[in-house]
Amino acid sequence: VNFPLGKGIVLSTGHLTNLPGPKILPDYIGDGNNPSWSSDNDMNAIVGSSNFTNASSLQFEFTSQKTDFKLDYVFASEEYGQRQCNTLSDVVVILLTDMSTGLPVNIASTPSNQLISPINIRRNTFNTSCSDANANLFDTYYGGTNASTSPINMFGHTVAMTAQATIQTGHLYKLKIIIADRLDYQFDSAIFIKEFSPINQQSTFLGSDLTFCEGTAHTINTGFDPSQYSFIWRKNSQLDSNTSSSYSIPSTLANGTNIYQVF
């Protein structure tokens with residue numbers, strides 16, 4: 001069975017070593033009692049409750065040259081099936097804070113602005129005690145015959161979802177991803193976060209290949225703010241002395257075929 005995401009980062013309310021599939025029936029993962037750890041104050045403030053435990057989080061700061069921010073993720077939980085009708089279910093929040101205002105915004109929610117949680121994303125098929133909720137966002141249930149082919153050792157997970165926001169270029173932001181058990185350590189949950197695409201991997205942001213005549217000068221512009229970034233240039237894999245945000249090719253050197261890279 002294919003999982004919706006490939007490489008990335010996993011946060012869990014239990015032990016990560018218990019997450020790889022297949023699903024072990026009839027057991028459920030209920031780690032975090034030895035030892036247990038606390039809730040998260042930022043989550044408590046956003047959700048308006050402190051009834052959480054075993055909160056796991058990842059946070060970092062960044063600036064961007066683009067105005068659209070996107071983060072793909074999958075929510076998985078042992079609460080699917082038996083516990084998906086429980087109003088006190090586990091929760092994920094993804095908090096984006098513009099550091100110039102200091103105000104966090106939760107950018108992880110259902111289309112109806114509900115929290116990411118089993119009670120808000122579920123299918124009646126797997127527990128007839130409650131109705132569907134955003135059923136189109138639920139992907140696979142691994143109870144019964146699906147257990148042996150499950151890629152994860154959890155009862156179910158959502159489709160790949162996207163947390164997104166419009167941001168200001170050049171502003172400093174903090175991203176904090178938090179997942180927590182509600183009330184007790186039992187019936188763990190996890191968030192799978194798609195790998196980020198770093199700017200220094202091979203990319204086409206410098207533009208398409210260029211062909212110009214010998215004797216013509218040309219300047220390659222990165223478009224990045226030199227007050228926010230440092231630059232390392234290479235020409236044909238050789239380190240260049242240029243450290244600016246652009247690279248000028250004088251007319252006297254505009255010959256042959258050359259490969260320019262910037263980090």
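Asp72 and Lys194 form a salt bridge in which the closest N and O atoms are 3.9 Å apart. Because Asp72 belongs to strand S3 and Lys194 to strand S10 (residues 189–194), this pair ties together parts of the chain that are 122 residues apart in sequence. Asp72 is partly exposed, at 25% relative accessibility, and Lys194 is likewise partly exposed, at 38%. The model is predicted; the protein chain averages a pLDDT of 89, and 95% of the residues score at least 70.

The salt bridges number 4. One of them joins Glu78 to Lys23, with the closest N and O atoms 2.7 Å apart. Glu78 lies in the loop between strands S3 (68–77) and S4 (91–98), whereas Lys23 lies in the loop between strand S1 (8–12) and helix H1 (41–47), 55 residues apart. Glu78 is buried, with a relative accessible area of 1%, and Lys23 is buried at 5%. The charged end of Lys23 also sits over the ring of Phe155, 4.3 Å from its centre. Phe155 in turn belongs to a cluster linked by ring pairs, together with Phe75, Tyr80, Phe126, Phe138 and Tyr141.

A further salt bridge connects Lys176 and Asp40 at 2.9 Å, N to O.

Strand S12 (residues 233–235) is joined to S13 by 2 bridges, and Arg234 stands opposite Leu239 in S13.

Technical notes
Residues numbered from 1 in each chain as written. Predicted model: local features only at pLDDT ≥ 70, side-chain atom pairs only at ≥ 80, totals over all residues. Heavy atoms only, no water. pLDDT = per-residue confidence, 0-100. Phe/Tyr/Trp six-rings, centres within 6.5 Å; stacked < 30°, edge-to-face > 60°. Lys NZ or Arg CZ within 6 Å of the ring centre and 35° of its normal. Pairing = 2+ DSSP bridges. Helix = DSSP H or I, 4+ residues; strand = E, 2+ residues; numbered from the N terminus. Salt bridge = Lys/Arg side-chain N within 4 Å of Asp/Glu carboxyl O. Buried < 20%, exposed > 50% of the residue type's maximum accessible area, 1.4 Å probe, protein only.
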